[in-house]
Amino acid sequence: TSFTDITGLTVDITPSATTSKILVLSAVNGSQEVGVTRGYMVLVRDSTAIFIGDAAGSRSRWSVSFSAHDHSIASATVSSCYLDSPSTTSAVTYKWQGGNGGNAGSFYINRTDQDNDNATQLRMASTITVMEIGA
């Protein structure tokens, strides 16, 4: 259930005022290993998980999940829009981290599970953008 930084999905911003809000816009494309039910991701500000589900019993709290039917190499796009209030004028880092929720197997960003060199396999693109909104 540990998280790993996702390469290329990190962005820094330095707010000009402590009252500024930061709009985080993101589209992430990915897939999971065939037979693995889900790949999970969490949006992080510096080292703090933000944009996560509500606490409820022993349920895990994540931002988003990739999933597909068993024996599928289907890919999915996860789009998100989150308005954050970091309350600082210091540099802030926003990033996506991922994991497989303790399941066996892997999930992949910007490619399919098999990643064979043929027209049925995909290579995709993902993005994370931040914008300061003044108070």
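Helices (H or I, at least four residues) and strands (E, at least two) are taken here as DSSP runs, numbered from the N terminus.

**The whole chain.** Begin by selecting the entire protein chain of this predicted model. By that assignment, the protein chain holds 0 helices and 9 strands, and its order from the N terminus reads β-β-β-β-β-β-β-β-β. Of its 135 residues, 36% count as buried. If contacts are drawn between residues at least 6 apart in sequence, 81% of them join residues at least 24 apart.

**Confidence.** Colour the protein chain by pLDDT. The average is 86, and 87% of the residues score at least 70. Then select residues 64–67, strand S5, where the mean pLDDT is the lowest among the elements, at 74. Move on to residues 127–133, strand S9, which has the highest mean, 97.

**Ser20.** Now centre the view on Ser20, in the loop that lies between strand S1 (4–13) and strand S2 (21–32). Is Ser20 buried or exposed? Its relative accessible area is 3%, so Ser20 is buried, the cut-off being under 20%.

Show the surroundings of Ser20, leaving aside residues up to four places away in sequence: Ser20 touches Pro15, Ser85, Pro86, Glu132, Ile133 and Gly134. Finally, select Glu132 from this group and display both side chains. The side chain of Ser20 forms a polar contact with that of Glu132, at 2.6 Å.

Note on methods. Residues numbered from 1 in each chain as written. Predicted model: local features only at pLDDT ≥ 70, side-chain atom pairs only at ≥ 80, totals over all residues. Heavy atoms only, no water. pLDDT = per-residue confidence, 0-100. Buried < 20%, exposed > 50% of the residue type's maximum accessible area, 1.4 Å probe, protein only. Polar contact = N/O pair within 3.5 Å; in protein donor to acceptor, adjacent residues only side chain to side chain. Contact = heavy atoms within 4.5 Å.
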